Amino acid sequence: MNWHPSVVTVWTVLYFDPGLYFVEACYINVLIYLGLFTCLSFILAGVSLPAPVNVSIDSLNMEHTLNFLPGLGTSADAHFRVQILRFRNSWKPVAGCLELAATQTCNLTGEFTETLQQYQARVQAFTPTQESNWTLTGHFTPYTDTVLGPPKVSVSGCGNCLLLQVSPPTSGSIQQNKQLQNLYSGLLCVVRRTRDGAQFSLNLAYEEEILIRYLQPGVEYCVTVTVTATINSNSMPTEPHCAFTGPPASSSGTQLFMHTNIHLYPITYMNTALCEGGS
Ligand SMILES: *[C@@H]1O[C@H](CO)[C@@H](O)[C@H](O)[C@H]1NC(C)=O
Ligand SMILES: *[C@@H]1O[C@H](CO)[C@@H](O)[C@H](O)[C@H]1NC(C)=O
């Protein structure tokens with residue numbers, strides 16, 4: 001008869017416990033008169049919060065963010081902690097993400113410092129008395145998995161040509177910009193003549209200044225630029241940037257001369273065709 005009140009207590013606790021799994025575990029324990037104590041301590045210190053869901057690493061331009069949602073039925077007072085794993089090392093807590101609220105994200109930019117290293121992250125919900133299982137992300141390698149957003153581009157006319165100024169898209173840290181510039185290997189430029197939509201594309205080595213030559217003077221073109229990288233195929237193109245090449249009567253000779261360190265690229269036959277076909 002001594003145990004009867006305790007059983008009632010257990011059921012009270014269990015009733016408010018969202019993890020149904022433990023209701024069963026403890027019910028069985030009580031039934032077989034085995035370790036009511038074990039059962040209670042399991043509830044108090046055990047894994048009984050729902051594990052976080054939709055755990056993912058979102059990475060744009062080498063800025064890495066861990067996102068998650070609380071599992072269904074997670075109590076409102078729960079917090080979340082994040083750990084990361086460097087390939088072949090052990091799990092380590094992330095200093096800025098030891099006690100996140102359900103609406104917060106975890107900035108992993110400063111954690112994933114080695115660009116070709118394979119990482120993983122995991123999230124756990126906890127309250128003062130309970131914690132959830134960990135939920136893991138997939139494997140993540142900064143250089144291959146980050147999304148390369150559209151670069152910053154400005155386009156100006158230079159007679160029978162267009163001059164493109166290209167730079168990394170981030171307003172982020174110097175470190176991030178440097179990493180991006182090392183990752184970039186090329187630029188894909190799609191040049192489209194506004195008047196009739198005729199277009200051609202150029203695959204160029206990555207440079208901060210690009211000269212697109214042999215265009216028609218006094219004509220508007222729109223250029224879309226995509227950064228390319230040999231080990232990353234998650235590139236996003238810019239919006240079209242439009243400009244007139246220059247006035248129909250050209251003063252292009254002197255302008256060209258001013259950009260001395262510009263690389264001149266061989267122009268495809270399509271380009272030539274455009275120029276000839278136009279006038
Ligand atoms: C994330 O951390 C990096 C440095 O570790 C910082 O440059 C960046 O601004 C942070 N991003 C946000 C959204 O706080
Ligand atoms: C926690 O993980 C264990 C072992 O993987 C599993 O058996 C158990 O069902 C999980 N608990 C919850 C609440 O998800």
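## Strands β12 and β13

In the predicted model, G186 has A205 of β13 as its bridge partner. G186 falls within strand β12, which spans residues 186–193 and runs antiparallel to β13, with 7 bridges joining the two.

These strands belong to an open sheet of 4 strands, ordered β13-β12-β15-β16 and paired antiparallel. The edge positions are taken by β13 (199–205) and β16 (241–244); each has a single partner strand, so one side of each lacks a neighbour in the sheet. From one strand to the next, the twist averages 25 degrees. In general, the strands of a sheet pair through backbone hydrogen bonds, in a parallel or an antiparallel sense.

## The β2-β3-β6 sheet

A further open sheet consists of 3 strands in the order β2-β3-β6, with antiparallel pairing. Here β2 (53–60) and β6 (106–107) stand at the edges; each has a single partner strand, and therefore one side of each is left without a neighbour in the sheet.

Strand β3 covers residues 63–69 and is joined to β2 by 6 bridges, the two running antiparallel. Within this pairing, D58 has T65 of β3 as its bridge partner.

## The β10-β11 hairpin

Strands β10 and β11 form a hairpin with 4 residues between them. In the turn, G159 adopts a positive phi of about 105 degrees. The pairing of β10 with β11 (residues 162–167) is antiparallel and extends over 6 bridges; in β11, L163 is the bridge partner of S156.

## Helix α5

Helix α5 comprises residues 174–183, of which Q179, L180 and L183 are buried. Viewed down the helix axis, the buried residues fall within an arc of 100 degrees, so they line one face of α5. The cover over these buried residues includes α4 (142–145).

On the face turned away from the buried side, α5 carries the exposed residues I174, K178 and N182.

## Surroundings of I212

I212 is part of strand β14, which spans residues 209–212. This residue counts as buried because it has 24 C-beta neighbours inside 10 Å, the threshold for burial being 20 or more.

When neighbours within four places in sequence are left aside, I212 is in contact with C161, L162, L164, C189, V191 and L202. Among these partners, L162 and L164 fall within the range of β11 (residues 162–167), while C189 and V191 fall within that of β12 (residues 186–193). The C-alpha atom of I212 is separated by 9.9 Å from that of T245, which lies 33 residues apart from I212 along the chain.

## The chain as a whole

The secondary structure of the protein chain amounts to 7 helices and 17 strands. The chain has 279 residues, 28% of which count as buried. Among contacts with a separation of 6 or more, 65% are accounted for by residues 24 or more positions apart.

Methods. Residues are numbered from 1 along each chain as its sequence is written. Chains are lettered from A and ligands numbered from 1 in the order in which they are written. This is a predicted model: local features need pLDDT of at least 70, side-chain atom pairs count only at pLDDT 80 or more; totals for chains, interfaces and linings use all residues. Two strands pair if DSSP finds at least two bridges between them. Axes are lines fitted to C-alpha atoms, for helices over the stretch in contact, and angles run from 0 to 180 degrees between N-to-C directions. A residue is buried if 20 or more other C-beta atoms lie within 10 Å of its own, exposed if 12 or fewer, and partly exposed in between; C-beta atoms are placed from the backbone. The arc is that of the directions from the helix axis to the C-beta atoms. Two residues are in contact if their C-beta atoms, placed from the backbone, lie within 7 Å.
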